[in-house]
Amino acid sequence: MDEKFLNAVPLLEKLHTEGFQAYFVGGSVRDFLMNRPIGDIDIATDAKPEEIERHFKKTIHVGKEHGTIIVLHKGEPYEVTTFRTEEGYSDFRRPDKVSFIRSLKEDLQRRDLTINSMAMTKDGSIIDYFGGRNDIQKKRIHTVGNPSERFHEDALRMMRALRFVSQLGFHLSEETCAAIKREKELLSHISIERKAIEMEKMLFGPWCGQALLLMFSTGLSTMLPGFRACSSHQAEAISRFPFHHLKSKEELWAAILCLLEISPESSQAYLRQWKLSAKLFNDAAAIQKSQRASWDRFSLYKTGMHTALSAERIRMLLSDKQIDQERLLQLEEIYEHLPIKSVKELDIDGNELMQFRKKKPGKWIAEELEKIEKAVITDGLENGREAIKEWLKTCNQA
Ligand code: ATP
Ligand code: MG
């Protein structure tokens, strides 16, 4: 068994000693069976949240009413969740009622996809009531039970299905695909924050092209901000764009802005629809605005290295479909050797400039400082107070 599971075995043993059932469940079991790197280890048990808290020293309750407690063991957090059933999804996203139960099978039955519905004992035996192993072998994404019914309970599962297509390189079962086509409109009941998280995970997956083609062909795309009015040309460009080569969420959202051809004036309003954090949408909009055919020392200085490299990475992927690392290193090198990185590093400031020019404050200060920056960056003017003043004497006043 993988070391990550072995480290968590004492938690299962502790629960067994106290008379409870306890299993590894969910994504970690799937990833273990697929020989993929294992992420978080989730544990399911018939112990109630209060009992979990009582039997472990370090716990954090994250969603106690839903039965989830985080147990810290040797510095690692583990989500320990009480077996539960969920009923009455009148809002298409959350159960009206959660009941704690004793049956593992019923707990596994409420899970979204067969590949996510397996459990593993502390000895590594797999419990697979819904054909998860067979679907892994067939590379098939299929819901546990009737897909339409499962999407009526929680419509986000449609996006999760596509997200796993992208992460695992699997295909959708016919029934699951048909149900997404039929039920896509249910996605309107899901909060945009949950959709944005799945969207990001989907786009970063190595098989995102496949998932995007399905997103467009099922019509699920029409339920996402900005994608409804996509032309077939744009849809094709988006499906072919290698998002997984990008380095950050900022780059990812900037690439979406470029691919959807959203003007820089509308970009913040667009990203706000996804309710991204202010920092994320400012950074993404800045990367989009910095798209340019070529860089010189001054444009690199004004844009900043981080944003410039992100913009350049996207430009390369849009035009050549690959990243020229050499070119990125060159830009980095040019930036590193700039004599100053910000106006604050100039050896003269606004106050001194006012004294020197004997003029009142005004817009001219910023304009003149920019001229000095430009001369220092591009014309080799020495960044020293006296040299700058000598140079200013030779310039016309702003
Ligand atoms: P990863 O953590 O790698 O993104 P995961 O499969 O662990 O993938 P999580 O979102 O962490 O996904 O959820 C853990 C488990 O909870 C899933 O494997 C699945 O069994 C169940 N699950 C998660 N979301 C849903 C949902 N919307 N409906 C039903 N079951 C779900
Ligand atoms: Mg997980």
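Trainee: How far from the centre of the ring of W364 is the charged end of K359?
Mentor: This is a predicted model: local features need pLDDT of at least 70, side-chain atom pairs count only at pLDDT 80 or more, and totals for chains, interfaces and linings use all residues. Side-chain values use heavy atoms, leaving out hydrogens and water, and residues are numbered from 1 along each chain as its sequence is written. A charge sits over a ring if NZ of Lys or CZ of Arg is within 6 Å of the ring centre and within 35 degrees of the ring normal. K359 sits over W364 this way, at 4.5 Å.

Trainee: Over which ring does the charged end of K341 sit?
Mentor: Its distance from the ring centre is 5.5 Å. The ring belongs to Y335.

Trainee: How many aromatic pairs are there?
Mentor: Rings of Phe, Tyr and Trp (its six-membered ring) pair if their centres lie within 6.5 Å; planes under 30 degrees apart are stacked, over 60 edge-to-face, the rest tilted. The count is seven.

Trainee: Why is the pair of Y129 and F130 edge-to-face?
Mentor: The ring centres are 6.2 Å apart. The pair is edge-to-face because the planes stand at 65°.

Trainee: What is the angle between the planes of W253 and W274?
Mentor: This aromatic pair is tilted, with 4.9 Å centre to centre. Its planes make 55°.

Trainee: How far apart in sequence are the parts that this pair ties together?
Mentor: W253 lies in helix α12 (residues 249-259; helices are DSSP runs of H or I, at least four residues). W274 lies in the loop between α13 (264-273) and α14 (278-289), so the pair ties together parts separated by 21 residues.

Trainee: Which residues do ring pairs link into a cluster?
Mentor: Ring pairs join three Phe residues here. They are F5, F24 and F32.

Key
Chains are lettered from A and ligands numbered from 1 in the order in which they are written. Helices (H or I, at least four residues) and strands (E, at least two) are DSSP runs, numbered from the N terminus.
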